[in-house]
Amino acid sequence: MITPVLLCGGSGTRLWPLSRERFPKQFVPLLADRSLFQASAQRFIGEGFDAPLVMTANEFRFIVSEQLDECGISPAGILIEPEPRNTAPAALAAAVLLQQSHPQSLMLLVPSDHAIENKEAFCEAVRRAVPAALDERIVTFGINPTRAETGYGWLETGSETHPGIHELQRFVEKPDRDRADEMLRDGSFLWNAGIFLATASTFVEAFRKHAPGLMAPVERSVKKARNDLNFLRLDQEAWAQVESISIDYAVMEKADNLSVVRFDEGWSDLGSWESVWQHVAKDEAGNALSERTTAIDCERTLLRSESDEVELVGIGLKNIVAVAMRDAMIVADLDQSQSVKLAVEKLKARNARQFGEFPKHHRPWGWYETLVLADRFQVKRIYVHPGASLSLQSHMHRSEHWIVVAGTAKVVVNDDVRLVTENESVYVPVGSVHRMENPGKVPMVLIEVQTGAYLGEDDIVRYEDKYARSEGEARA
């Protein structure tokens, strides 16, 4: 059985504003109703594949759990990195963990934010790579290039090592245009998809040989990992000693037991708005339009509105991407969309909250969004999953009014416990110990009106929390 290891971190900079630091692109339904992460997890349901192991960050753990649950997938585990350390330490931690159960277990290391059009063909390519992986080789998957792409790394292939599998001679850094043209014409070069298959023991031995400095702190972090609800937390003290480095630099560019399988059934890392434009449906003029958008005399343009309240209209646009959200918008030349991350850096430098904060704030119990924020009052919409509850808490500087608009809320205010149904409301005075939960089988939605001198999220004293969140985490 092959265990898919889904890498689920990311900084959310390249597809801003739809993707952000606190809600990166793998969680966004970019191409379909499901997110890229959900599509990645569902891709490997079938013959030869075990349940996935997910490597993620602390702030994403409940999003991961929720999105897997929506797909009906029970993971082999959700492993939490205390801090981001790039792909090499994450890969090694997963390999060490899998090696403990079975040294010859096959491990497929795959990013969770890529688009693969033909999942059956890709799974077949993975199965085709198994004999080489069992021969102690590390197999990567090269994408048959369709253009002289300068935004990807490339792979140079050599002679055949197994049926349909070739030796990987070397990695090529992101090339300039002339070099990319040469490699495209050559025919022996492929795009580097950053996907690897090997046994857990082969991975571990490759790290032991080529990146020995990672071994001790990563092994110690796995050994001292602790269970937290349905997550496994790597040891923070040991992880702090781990170097931040990619798996290509740490291992792959040094290893001599690499093979590559060619894949030509549609792949993209969706690393820019131009690549999104390439993978969505377009009209005869090359325009990709979402709901709530109108294009007049436009060509080769991507218009996308992500708010029910925003109608986006383009007139006379050519080669433009325009993405509108309730709190932010981007307009750029499609050919310059690789530079979006530079805009995010500028937003971060001037402390604009939109650089990383998403309009919907996801929590283990559901989500909330701010509808109005003004002097001394704030209005929120709060969505609570069936069976979920917020923490037992109080506030020093604000009172709250709750109006249930869907479902039923069980409300605690000091010693008063009651059920509040649709069109009913409850008042929570300053300093009151309170909690809301959804005891029903359908989602519960309420409107919260806060009033007071200070409305910050840190005005909270938490007494109980079923999700075992730390004091440093987002509260409520």
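Two strands are taken as paired if DSSP finds at least two bridges between them. Strands (E, at least two residues) and helices (H or I, at least four) are DSSP runs numbered from the N terminus.

The model is predicted: local features need pLDDT of at least 70, side-chain atom pairs count only at pLDDT 80 or more, and totals for chains, interfaces and linings use all residues. Residues are numbered from 1 along each chain as its sequence is written, and side-chain values use heavy atoms, with hydrogens and water left out.

**View 1. Pairing of β20 with β21 in an open sheet.** K360 stands opposite E369 in β21. β20 and β21 (366–374) pair in the antiparallel sense over 4 bridges. The open sheet has 6 strands with antiparallel pairing, in the order β20-β21-β22-β29-β24-β27. Because β20 (360–363) and β27 (425–428) each have a single partner strand, one side of each is left without a neighbour in the sheet.

View 2. S19 is buried, with a relative accessible area of 3% (buried, under 20%; exposed, over 50%; partly exposed in between; 1.4 Å probe, protein chains only). Leaving aside neighbours within four places in sequence, S19 is in contact (heavy atoms within 4.5 Å) with G12, P24 and K25. A polar atom of the S19 side chain lies 2.9 Å from the backbone nitrogen of K25.

**View 3. Packing of α1 against α2 (61–71).** The helices pack at an angle of about 55°, with their axes 10 Å apart. Residues making the contact are F37, Q38, A41 and Q42 of α1 and V64, Q67, L68, E70 and C71 of α2.

How values were computed
A polar contact is a pair of N or O atoms within 3.5 Å; within protein, one must be able to donate a hydrogen and the other to accept it, and residues adjacent in sequence count only if both atoms are side-chain atoms. Axes are lines fitted to C-alpha atoms, for helices over the stretch in contact, and angles run from 0 to 180 degrees between N-to-C directions.
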